[in-house]
Amino acid sequence: MGSNAEANGNNRMTAEQHRVRRVVIVGGGTAGWMTAAALAQQLGGAGLSITLVESAAIGTVGVGEATIPHIRDFNRALGINEAELMARTSATIKLGIEFRDWGRIGDAYFHPFGAYGEQIGPAGFHHYWFKAKLAGEARDFGSYCYPIVSARNGRFRPPPSARSGLLAFNYAFQFDASLYGAFLADFAQARGVERKEGKITDVIADGASGFIAGVRLESGEEVTGDLFVDCSGFRGLLIEQQLKTGFEDWSRWLPCNRAWAVPCAIQDPAGPYTRATARTGGWQWRIPLQHRIGNGHVYCDSYAGDRCIMSPTSATTRPSGATCAKWNGPTA
Ligand SMILES: Cc1cc2nc3c(=O)[nH]c(=O)nc-3n(C[C@H](O)[C@H](O)[C@H](O)COP(=O)(O)OP(=O)(O)OC[C@H]3O[C@@H](n4cnc5c(N)ncnc54)[C@H](O)[C@@H]3O)c2cc1C
């Protein structure tokens, strides 16, 4: 048996062997550039080399216009100025989502990024509202929610500070996802991320462990690394095609397997919110940006048939679900 000092020395060696020095991100869509930007901002000074490989010939999904308030936390962690972000990505403010016709035709429900009314003493606001409603003295519930009233009136002001005593709320953005990717690409590259253009034709596996050691580009160039992040989109080039991690199909809970997207010009001033309208066998989105309205239809071909497809080439086909594991590799 070895001494404690020997064991500590061995542990240090193992830790040193496993130290991540080179990160390779496969894919330059929103996922790839968000990963690159976050790693460069948080760990860029720690001697980490970050390389992102993308292929213009393959391109990106290009949709993904509607976000939720967590995007603001992400941007804040990167130190991104929101006014600059909005200008660069043709963004609009999103105060929530209006759901139309979901329960029955004519129904409308607004999901706001904020609370309804203010808690009064130990009781929630809805108790007071309900009592007032029974007495015929209350307006509709949404009238007591700042983001809903603001969205209905097509207006916005930044949320008040916690000390102001005014009702707090949050917001998100609707933006051109391709422009957001380009914005973050500039951000990441300015902080040392290296971008490599080229189609990956092979994944190089480590002979002993079988784990990924590198990727080979069409040009023959090899990009090697210690940690790989698969941002190749639906293809799952590393996590699925190479490592066969498995895909958990959620079709039985979320029967949506097709989608198409088609933008249109802005007709009327659109409110600062996303609209989701129930349709036969699926639902339709409407997302106002500064320069266009994003529209699309998500549905299940078992229920809607292909009547919903505008042109067969415009449809994205994929069952709902998720990769079985987000991490596949050595655990040490
Ligand atoms: C119809 C539809 C509507 C959506 N709406 C929203 C929405 O409103 N809000 C939202 O948050 N999300 C939305 N999403 C989801 C969102 O668009 C996607 O999750 C996101 O855009 C995917 O980005 P990604 O970077 O993972 O993949 P992609 O955009 O597909 O990028 C993949 C990258 O991998 C690269 N790549 C792939 N194979 C190779 C190869 N062999 N060699 C080199 N490079 C390769 C490509 O070049 C590309 O750069 C929507 C998705 C769809 C389909």
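Here are some numbered notes on the model above, from its outline down to single residues.

1. **Ground rules.** This is a predicted model, so to speak of local features we ask for pLDDT of at least 70, side-chain atom pairs count only at pLDDT 80 or more, and totals for chains, interfaces and linings use all residues. Residues are numbered from 1 along each chain as its sequence is written.

2. **The outline.** Start by turning the chain around on your screen: its C-alpha atoms fill a box of roughly 80 × 55 × 40 Å, taken along the principal axes.

3. **Two domains.** The chain is divided into domain 1 (4-65 + 176-245) and domain 2 (114-169). These bounds come from an automatic or database domain assignment. Taken over C-alpha atoms, the domain centres are separated by 45 Å.

4. How much of the chain is buried? Buried residues make up 27% of the 332 residues. The cut-offs are these: a residue is buried if 20 or more other C-beta atoms lie within 10 Å of its own, exposed if 12 or fewer, and partly exposed in between, with C-beta atoms placed from the backbone. Two residues are in contact if their C-beta atoms, placed from the backbone in the same way, lie within 7 Å. Among contacts with a separation of 6 or more, 71% join residues 24 or more positions apart.

5. **The core.** The largest nonpolar core has 51 residues, and Val24, Ile25, Val26, Ala36, Ala37, Leu184 and Ala188 have the most contacts inside it. This core draws at least three residues from each of domain 1 and domain 2. A nonpolar core here is a set of buried Ala, Val, Leu, Ile, Met, Phe, Trp, Tyr and Cys residues joined through C-beta atoms within 7 Å. Take alanine 188: leaving aside its neighbours within four places in sequence, it is in contact with Trp33, Ala36, Ala37, Ala40 and Val193.

6. **Around the ligand.** Of the 30 residues around the ligand, Gly27, Gly29, Thr60, Gly64 and Gly233 come nearest. A residue is near a molecule or strand if its C-beta atom, placed from the backbone, lies within 6 Å of it. Which elements supply at least two residues each to this shell? They are α2 (30-43), β2 (49-54) and β13 (258-264), and the largest share, three residues, comes from α2. By type, the shell divides into 12 nonpolar, 14 polar and four charged residues. In that count Ala, Val, Leu, Ile, Met, Phe, Trp, Tyr, Cys and Pro are nonpolar, Asp, Glu, Lys and Arg are charged, and the others, Gly among them, are polar.

7. **Strand β4 and its partners.** Strand β4 (residues 96-100) pairs with strand β5 (residues 108-112) in the antiparallel sense over five bridges; two strands pair if DSSP finds at least two bridges between them. Glycine 96 has proline 112 as its bridge partner in β5. With strand β14 (residues 274-279), β4 pairs in the parallel sense over four bridges, and arginine 100 stands opposite threonine 277 there.

8. **Two positive phi values.** Aspartate 101 lies in the loop between β4 and β5, and its phi is near 65°, positive in a residue other than glycine. It counts as partly exposed because it has 15 C-beta neighbours inside 10 Å. Lysine 244, in the loop between α8 (237-242) and β12 (247-249), has a positive phi of about 50° although it is not a glycine. With 11 C-beta neighbours inside 10 Å, lysine 244 counts as exposed.

9. **Proline 147.** Beyond its neighbours within four places in sequence, proline 147 is in contact with Leu95, Gly96, Pro112, Phe113, Gly114 and Phe169.

10. **Alanine 177.** Look for alanine 177 in helix α7 (residues 177-190); it is buried, with 20 other C-beta atoms within 10 Å. Setting aside neighbours within four places in sequence, its contacts are Thr30, Gly62, Val63, Gly64 and Glu65.
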